[in-house]
Amino acid sequence: MKNSELKLIEQASLDWLKQNIQFIQAGEDIEVVTPLIGAYGDLVYCWIEKEKDGYRITDDGGTLFKLDPAQENFDLLEEAADIVIGAGFEFDEDTSEIYQIVAQENIAQTLSDLTQLQVALTYLAS
C-alpha cells in the first residue's frame, strides 16, 4: 500500500468519525452520541461533566438501567460492577452510574473505553 493511499484511508476514517459522533451541549454538560450500538440495538451515549478536579466521563446510570430497570437482578448488577471496576472505572451502587474522573487530555481515550465497556455490558443480559 502506498503512503498516499494510507493518507486517504486515514482521512476518510477521521471524516467518518467526525460525522458519526455528536457532541451536544446540555446545560453545563456535554452529551456524546456515538455510532456504537449495544445488544438491544440502542445507540451508546456518554456524558462529559465538568468537575472541580477534571472531567467526569459517565454513562449517567443509563447502561445498567436499560438492562435491569427495576434493579432486581442482583447477580447481574454484581457481575456488572465487577466488570466495571476491573475495567478501571468507578461504579456507584446507588445509581448504577459508571464513571471516571480524568484530565482534559484523557477525555477522548476515556470516552472510547467507556463506550466499549457499555457495549460489552449490554451482552450480559441478552
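Thr 122 touches Gly 38, Ala 39, Tyr 40 and Leu 67, leaving out residues up to four places away in sequence; contact here means heavy atoms within 4.5 Å. Thr 122 lies in helix H4, residues 107-122. Helices (H or I, at least four residues) and strands (E, at least two) are DSSP runs, numbered from the N terminus. With 11% relative accessibility, Thr 122 counts as buried. Buried means under 20% relative accessible area, exposed means over 50%, and partly exposed is in between, with a 1.4 Å probe and protein chains only. A polar atom of the Thr 122 side chain also lies 2.6 Å from the backbone oxygen of Val 119.

A word on the source. This is a predicted model, in which local features need pLDDT of at least 70 and side-chain atom pairs count only at pLDDT 80 or more, while totals for chains, interfaces and linings use all residues. Residues are numbered from 1 along each chain as its sequence is written, and side-chain values use heavy atoms, with hydrogens and water left out.

Now Asp 42. Asp 42 lies in the loop between E2 and E3 and, at 33% relative accessibility, counts as partly exposed. Asp 42 touches Leu 36, Ile 37 and Lys 66, again not counting residues up to four places away in sequence. Asp 42 and Thr 122 are 80 residues apart in sequence, and their C-alpha atoms are 9.6 Å apart in space.

Next, the overall layout. The protein has four helices and six strands, and along the sequence they follow the pattern α-β-β-β-β-α-α-β-β-α. The C-alpha trace spans about 55 × 35 × 25 Å along its principal axes. Of the 126 residues, 34% are buried. Among contacts between residues at least 6 apart in sequence, 49% join residues at least 24 apart.

Which residues have the most contacts inside the largest nonpolar core? They are Ile 48, Ile 57, Val 84, Ile 98, Ile 107 and Leu 111, in a core of 21 residues. Strand E3 (43-51), strand E4 (54-58), helix H2 (62-67), helix H3 (74-86), strand E6 (97-102) and H4 each supply at least two residues of this core. A nonpolar core is a set of buried Ala, Val, Leu, Ile, Met, Phe, Trp, Tyr and Cys residues joined through side-chain atoms within 4.5 Å. In soluble globular proteins, nonpolar side chains tend to be buried together.

Two of those names deserve a look. Ile 107 is in contact with Ile 48, Tyr 55, Ile 57 and Val 102, leaving aside its neighbours within four places in sequence. Leu 111 is in helix H4 and is buried, with a relative accessible area of 9%. Not counting residues up to four places away, Leu 111 touches Phe 23, Val 32, Cys 46, Ile 48 and Ile 57.

Last, the UniProt record. An unreviewed entry lists residues 34-120 as "domain: DUF1828"; positions are in the numbering used here, feature names are shortened, and annotations may be inferred rather than shown by experiment. The end C-alpha atoms of residues 34-120 lie 15 Å apart, and the span is 38% helix and 31% strand.

Definitions and conventions: A polar contact is a pair of N or O atoms within 3.5 Å; within protein, one must be able to donate a hydrogen and the other to accept it, and residues adjacent in sequence count only if both atoms are side-chain atoms.
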